[in-house]
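Please open the structure in a viewer and follow the selections below. Each stop says what to select and what is there.

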Amino acid sequence: MALFGSAMRRTVAAGAALAGGAALVMWRRRINPLHVVWDLDSTIICSICPFEKAQLLTLNKHSSCYFDHTDDDFDYVPGEPNTRTCWRPAARGVIRLLSYFTTQHIYTAAQGTYTETVLNELDPNRTLFASVIHRDTQHFNGRQRSPLRGKDLTFLFGDDESSLRRVVFFDDRLYNFEPQPSNGVHVRPYNEDVVEFGGDVEMARVLAIAVLAFWAPSDVRPLLRQFQTPRHKCMEAEQQELQAATRAIKTE
């Protein structure tokens, strides 16, 4: 009987600790929310076309690891898939987990029809993402260096610099961070080679960074700098120099 009573007390204590932890997370989310922005291609998915090549690369994968569809960026026969899109290992689970304590967004250079197809598989009820930007809603200048290159987070959060204090942006292309380098986290590209040979654990790193950012006291950007590559840090330094020069011109 005493043993039973001791077990009950431990169970109640554990339950109380979990409830207290959940309440703390909800309180933290309410007073200091974290926004997580996701790229799609080569960040959380890898789309392979032509379809015959995709079938060969995924011979040893379970059908739950991918879905087949038509990508109208390429030639296709109506009613037949021309693309197989593979989920990055653990990507869907991480996104669902983060939905409990962060606000998530999609920012992709893909066309609208493709983005909708991915969302129909990833978020059919449209509950995981607060907003979605694709190339049909926002122009992208691609790889060519220009003031328009990259993904400008002000389209999501406005022009106020303080609105970016609690924003983390995950993307596989470094140049997409050019408008706001301090908010970017460069992820290892999820490409055909990684799909074929496996061993990808990048989402564990991504989740750890997101959790650390959630508990960061205020501005997450100093924390994110710890995960930047030397090339990324150079981009940020160039951006800071440009901003300083712009401020100097305005004060003249």
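A residue counts as buried when its relative accessible area is under 20%, as exposed when it is over 50%, and as partly exposed in between. The model on screen is predicted.

**Whole chain**

The chain has 252 residues, and 41% of them count as buried. Among contacts with a separation of 6 or more, 70% are between residues 24 or more positions apart. The salt bridge count for the model is 12; the stops below visit some of these pairs.

**Stop one: Asp171 and Lys151**

Select Asp171 and Lys151 and show their side chains. The two form a salt bridge in which the closest N and O atoms are 3.0 Å apart. Asp171 belongs to strand β7 (residues 167-171), while Lys151 sits in the loop between β6 (129-133) and α5 (154-157), so the bridge ties together parts that are 20 residues apart in sequence. Are these two residues buried or exposed? Both Asp171 and Lys151 are buried.

**Stop two: Glu161 and Arg221**

Next, select Glu161 and Arg221. Their side chains meet in a salt bridge with an N to O distance of 2.5 Å. Glu161 is in the loop between α5 and β7, and Arg221 is in helix α8 (residues 221-225); this pair links distant parts of the chain, 60 residues apart. Colour the pair by accessibility. Arg221 has a relative accessibility of 9% and counts as buried because that value is under 20%. Glu161, with a relative accessible area of 45%, is partly exposed.

**Stop three: Arg225 and Glu236**

Stay on helix α8 and select Arg225 together with Glu236. A salt bridge joins their side chains at 2.6 Å, N to O. Arg225 lies in helix α8 and Glu236 in helix α9 (residues 230-251), so the pair ties together parts that are 11 residues apart in sequence. Which of the two is buried? Glu236 counts as buried, at 5% relative accessibility, whereas Arg225 counts as partly exposed at 30%.

**Last stop: a network**

Salt bridges that share partners join Asp39, Lys151 and Asp171 into one network.

Key. Residues are numbered from 1 along each chain as its sequence is written. This is a predicted model: local features need pLDDT of at least 70, side-chain atom pairs count only at pLDDT 80 or more; totals for chains, interfaces and linings use all residues. Side-chain values use heavy atoms; hydrogens and water are left out. Buried means under 20% relative accessible area, exposed over 50%, partly exposed in between (1.4 Å probe, protein chains only). Contact means heavy atoms within 4.5 Å. A salt bridge is a side-chain nitrogen of Lys or Arg within 4 Å of a carboxyl oxygen of Asp or Glu. Helices (H or I, at least four residues) and strands (E, at least two) are DSSP runs, numbered from the N terminus.
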